[in-house]
Amino acid sequence: MPIEGPLAPSPVQPAPTVGAGPDIGAPTTLFEKIWRRHAILERDGQTLLWIDRHFAHEGSFHAFDKLRAGGRPVFAPEQTFGVADHYVPTRDRDLPIPNPEIANMVDLLSRNTGEAGIRLFGLDSPDQGIVHVIGPELGLTQPGLTIVCGDSHTSTHGAFGALAFGIGASEVAHVLATQCLWQRRPKTLRVTVDGRLHRGVSAKDVILAVIARIGANGGAGHVIEYSGPAIRSLSMEGRMTLCNMSIEAGARAGMVAPDETTSAWLQGRDFAPTGDLWPMALADWATLRSDPGAVFDREVRLDAAGIAPMVTWGTSPEDAAPIDGAVPDPASFADAGKRGQAERSLAYMGLAPGQPLTGVGIDRVFIGSCTNSRIEDLRAAAAVLKGRTSRVPGIVSPGSARVKRQAEAEGLDRVFTAAGLEWRDAGCSMCVGMNGDLVPPGERCASTSNRNFPGRQGPGARTHLMSPAMVAAAAVTGRLTDVRTLTVED
Amino acid sequence: MQPFTVLTAVAAPLEMANVDTDQIIPARFLKKPRASGYDNYLFHDLRFDPDGRENPDFILNRPPFRTARILVTGPNFGGGSSREGAVYALVDAGIRAVVAASFGDIFFGNALKNGLLPIVVPAEIATALRAALVAEPGLELTVDLERQVLRGANREVLFSIDPFRRECLLKGIDEIDLTLQYRERIAAFRDAHWTARPWLRTSANP
């Protein structure tokens, strides 16, 4: 039965953006252009947005349960793609999953997607992998799209100039039932990184520097657009790392305007436009950039030359510092709340105020996650590990089955195993530990993942976030180490 | 959804900033069915020691706060993972409102869709409220969503919730029902969208 609302729906401003022509009127941000294209109607300050792509992982069972309870069908099953990643084992895939609750999560996704007619990239698929790795890899992620998934790191897909953000289970159910979402228009924040990055400094260091600057909640309520020469020079892998951790700065979405790097990366991928559609898409994508003079609600500028390899020392991603720095003294924080937080962080992490970051001993390494598990990440880690031995145990989990095959073709797997690390299958793995890949209590892990929250990698686990090259350097010395002090072949 | 109108209840001061959703519900509990009672997992690793014994220092384990239905906490509550289980854990434990200077965006949205009211107040007010709740354990606060006011501890604090969300909460409206009223407009939009950009139709792809 229809529900009468307090106000009649009002049509949105007609958007002059259909087709490949330039926008008419006031200078507009990239975000605004994508928003307008997807706005169906407005009501009481909320916009009903059309969603082009939806990815569903094992955690979607709550949403499917909700649909079943309401007796509702899936509105557009061909716009949703199922991906098994959060609970999948990263070894012994030829054997049944030993933990019945974990096995059930993987089975539930197969059942739910199967019943709804949703295409699944499941455990047995040659294209399986982490959703934020395979979406782009398959060409499902494209410029100008709205993309959602019940995972906060959906911001990753913004690297292609898409508006991509994480949603909760209720919103997953809403997208399944309607292919739309009610959203309040977010504000815009432009992060400009000028200049050139030093050798040994990667996209991971840039985003950790950004989060340290604006804080773990600094981007809340905003969509971030990353721009400037240092961003332009990043590969697609680097841009994905950057946009991935926008949520660690509190921003639900991060984006980079598409350019030749983007289209070159996408061309020929499974779901990328082909034939006559390819030049049409290219012409459209060329309009997807913030116009000169477009106004952002906030602006932040960083100088690439001032960014060093970063590591985190605390239990929030904002607790990041250059590797040549020291653990801060909680007493140095003026704000009482921050002081208390720093004290708790240091107690949890087992670190002392003023302790140099270089030299902190580690027990284990993890190379993987939707942040840093792509081929370029594995190459960067392997370049440091080549001909060397890891002093600590650790696992390397490539982001997808395709990345795994590519790495094996390049011989990277042999570099990792020769160094003493385990070469695993693709999944979320030790970033979140849902599949049982856990850091034991009290152990210190140098990790390429995205969150250093207490207990994130396992109860009592101590996480230091850093780039793949920095994790490799820590493996080689058994301590947090400035990768720039090691000889690395290009 | 359970409607939210006026709530008067004991409020607990949670003196922590950046309480991420991994703290609210650790990942290992997310495979549990909702019917198992997500209150069992709320703040699990803060409430219990590794042997499963209650931590007597944790605020929600202390007598006047065990029945708290309102939390007053530090900034950036609910940042991190999008897991709606964090909201289920609070709701199943009887918490219907969280007061803080700021929230994680995704948590904020998830809360509103489950009848949990996230109330943004200036940081100094959140701090003063927590101090009052520490000074007088068991103090009750009143949340009036219709008037968008938080009362108690000798204060009246106005807050703001999007009209759309407020309407849904007050009436307990199911958002999917509401959206499906526009089914025809959605379908018309989709057709025009796909005509303008024919490569968006994934069914045309492999």
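Hi everyone, let's start with one pair of strands: β6 of chain A, residues 146-149, runs parallel to β7(A), and 4 bridges join them. Within that pair, I147(A) has A164(A) of β7(A) as its bridge partner.

A word on what you are looking at: this is a predicted model, where local features need pLDDT of at least 70, side-chain atom pairs count only at pLDDT 80 or more, and totals for chains, interfaces and linings use all residues. Residues are numbered from 1 along each chain as its sequence is written, while chains are lettered from A and ligands numbered from 1 in the order in which they are written.

Helices (H or I, at least four residues) and strands (E, at least two) are DSSP runs, numbered from the N terminus. Two strands pair if DSSP finds at least two bridges between them. Strands of a sheet pair through backbone hydrogen bonds, either parallel or antiparallel.

Let's zoom out to domains, whose bounds come from an automatic or database domain assignment. Chain A is divided into domain 1 (53-305) and domain 2 (311-482). Their centres, taken over C-alpha atoms, are 22 Å apart. Across the boundary, 37 residues of domain 1 of chain A are in contact with 35 residues of domain 2 of chain A. Which helices supply at least two residues each on the domain 1 side? They are α4 (131-137), α6 and α8 of chain A, and α6(A) gives the most, with 5 residues. By class, that side has 14 nonpolar, 14 polar and 9 charged residues. Here Ala, Val, Leu, Ile, Met, Phe, Trp, Tyr, Cys and Pro count as nonpolar, Asp, Glu, Lys and Arg as charged, and the others, Gly among them, as polar.

Two of those helices also meet each other. The axes of α6(A), residues 203-214, and α8(A), residues 236-244, come within 8 Å and cross at roughly 25°. They are therefore roughly parallel to each other; angles under 35 degrees count as roughly parallel, over 145 as roughly antiparallel, 65 to 115 as roughly perpendicular and the rest as oblique. On the α6(A) side we find A203(A), K204(A), V206(A) and I207(A), meeting G238(A), R239(A), T241(A) and L242(A) of α8(A). This contact has 4 nonpolar, 2 polar and 2 charged residues.

Another helix pair in chain A is α12 (375-385) and α15 (468-477), with axes that come within 8 Å and cross at roughly 30°. That makes α12(A) roughly parallel to α15(A), and this crossing is right-handed. The residues in contact include A380(A) and V384(A) of α12(A), along with A472(A) and V476(A) of α15(A). The contact divides into 11 nonpolar, no polar and 1 charged residues.

On to chain B and its open sheet of 7 strands, in the order β4-β3-β2-β1-β5-β6-β7 with mixed pairing. At the edges stand β4 (117-120) and β7 (155-158) of chain B, each with a single partner strand, so one side of each is left without a neighbour in the sheet. Inside the sheet, β1 (6-14) and β5 (140-144) of chain B pair in the antiparallel sense over 5 bridges, with T8(B) opposite T142(B).

To finish, how many residues does each chain bring to the contact between them? Chain A brings 67 and chain B brings 55.

Note on methods:
Two residues are in contact if their C-beta atoms, placed from the backbone, lie within 7 Å. Axes are lines fitted to C-alpha atoms, for helices over the stretch in contact, and angles run from 0 to 180 degrees between N-to-C directions. A crossing is left-handed if the near helix is turned anticlockwise from the far one by less than a right angle, and right-handed if clockwise.
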